[in-house]
Amino acid sequence: MEKKEHPMSDCPIGVFDSGLGGISVLRELYQIMPEENYIYFGDSKHAPYGTKPLEEIRRLTIANVEMLLERGAKGIVVACNTATAAAVRILRGKYPNLPLVGIEPALKPAAMQPGHPTVLVMATPMTIQGDKYKHLRTRYESEADIIGLPCPGLMEFVETGNTHGEDLRAFLEDLLMPYIRETDAIVLGCTHYPFVRELIQQIAGERVRIFDGGNGTAREMCRRLTAAGLRTLRKGPGTVLFENSLATKEEIELSRTLFQKK
């Protein structure tokens, strides 16, 4: 018997971030589900979220997710650690049947390495201060020494397309050098940070393992769409549409460049 397609199966997956960082998660989604259609919305006009008050982050996140739903999104990925911590629980309460996936720092695989490792969690100030991170840290603090490192200013480098500059290297060295000697693993707790992963690895050295949550988030969205019968049956590649609250040609071109970045 021929498989019947869900009426929403060809609708896009909505991916939301406070700026351009969530494109690192979009890349993981596309690797796993290239046949799906995507709308990526970056709220660069209001970035960074990680230094804003909780209520403002919550208001912006809910409004932007609801905009994607109005555009026909069949599932939502909140590809921002700060927005996830602030609003995903509320959104799940409002839309209990929606495939909705947030992102959190990949602390579990980092902490579960053998030998009680020292794990450095790089994240925005709001993520480090938030209850979601605190609960996560409490869950794994018997397995590892966990250090939260707020990184105000780091996401702005990615927002301007600077992922390799000497000013960025100097910024990262100032941030990381006090910790590197004792560090066994680094968790990238903001979706902007994978775009500077190469520089972080150079500064930290090859012995330090680096973790981020993008792939796990993408696999979880695949699982939820499959369970809901919402996967497309299309065989060829889907479309990827980039939108941004700044609505400038430069911002859209930078979005495409980061998506295609090796």
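Modeller: Rings of Phe, Tyr and Trp pair if their centres lie within 6.5 Å. The model is predicted.

Biologist: Which residues do ring pairs link into a cluster?

Modeller: The structure holds six aromatic pairs. Some of these join up through ring pairs into a cluster, and its members are Tyr30, Tyr38, Tyr40, Phe242 and Phe259.

Biologist: What is the geometry of the pair Phe242 and Phe259?

Modeller: A pair of aromatic rings is described by the distance of the centres and the angle of the planes. For Phe242 and Phe259 the centres are 5.7 Å apart and the planes lie at 65 degrees. Planes over 60 degrees apart count as edge-to-face. The pair of Phe242 and Phe259 is therefore edge-to-face.

Biologist: How many residues apart in sequence are the parts that this pair ties together?

Modeller: Phe242 is in strand β9 (residues 240-244), and Phe259 is in helix α11 (residues 249-260). Both Phe242 and Phe259 are buried. The pair ties together parts whose separation in sequence is 17 residues.

Biologist: Are α1 and α11 parallel or oblique to each other?

Modeller: Two packed helices are described by the angle between their axes and the distance between the axes. For α1 and α11 the angle is about 50 degrees and the axes are 9 Å apart. Their crossing is right-handed. By the angle, α1 and α11 are therefore oblique.

Biologist: Which residues of α11 make the contact with α1?

Modeller: On the α1 side the contact uses Ile23, Leu26, Arg27 and Tyr30. Tyr30 also belongs to the ring cluster, as does Phe259. The α11 side of the contact consists of Ser255, Leu258, Phe259 and Gln260.

Biologist: What is the hand of the crossing of α1 and α10?

Modeller: Helix α1 (residues 23-32) and helix α10 (residues 214-227) have axes that come within 8 Å and cross at roughly 50 degrees. The two are therefore oblique to each other. Val25, Glu28, Leu29 and Ile32 of α1 meet residues of α10, including Gly214, Ala218 and Met221. The crossing of α1 and α10 is right-handed.

Biologist: What covers the buried residues of α1?

Modeller: The buried residues of α1 are Ile23, Ser24, Val25, Leu26 and Leu29. Their cover includes the strands β1 (13-17), β2 (38-42), β3 (75-78) and β9. It also includes the helices α10 and α11.

Biologist: What covers the buried residues of helix α9?

Modeller: In helix α9 (residues 197-204) the buried residues are Leu199, Ile200, Gln201, Ile203 and Ala204. Just after α9, Gly205 has a positive phi of about 95 degrees. The cover of the buried residues of α9 includes β5 (118-123), α8, β7 (185-188) and β8 (209-212).

Biologist: Is Ser44 buried or exposed?

Modeller: Ser44 lies in the loop between β2 and α2 (54-70). Beyond its neighbours within four places in sequence, Ser44 is in contact with residues including Ser18, Glu159, Asn244 and Glu251. Its relative accessible area is 8%, and the cut-off for buried is under 20%. Ser44 is therefore buried.

Biologist: Which residues does the cis peptide bond join?

Modeller: Pro48 lies in the loop between β2 and α2. The bond has an omega of about 0 degrees, and the residues are Ala47 and Pro48.

Biologist: Is Ala247 buried or exposed?

Modeller: Ala247 lies in the loop between β9 and α11. Its phi is positive, about 55 degrees, although Ala247 is not a glycine. With a relative accessibility of 65%, Ala247 counts as exposed.

Biologist: What is the relative accessible area of His116?

Modeller: His116 is in the loop between α4 (107-111) and β5. It too has a positive phi, near 50 degrees, in a residue other than glycine. His116 is partly exposed, and its relative accessible area is 38%.

Note on methods. Residues numbered from 1 in each chain as written. Predicted model: local features only at pLDDT ≥ 70, side-chain atom pairs only at ≥ 80, totals over all residues. Heavy atoms only, no water. Phe/Tyr/Trp six-rings, centres within 6.5 Å; stacked < 30°, edge-to-face > 60°. Helix = DSSP H or I, 4+ residues; strand = E, 2+ residues; numbered from the N terminus. Buried < 20%, exposed > 50% of the residue type's maximum accessible area, 1.4 Å probe, protein only. Axes fitted to C-alpha atoms, helices over the stretch in contact; angles between N-to-C directions. Parallel < 35°, antiparallel > 145°, perpendicular 65-115°, else oblique. Left-handed = near helix turned anticlockwise from the far one by under 90°. Contact = heavy atoms within 4.5 Å.
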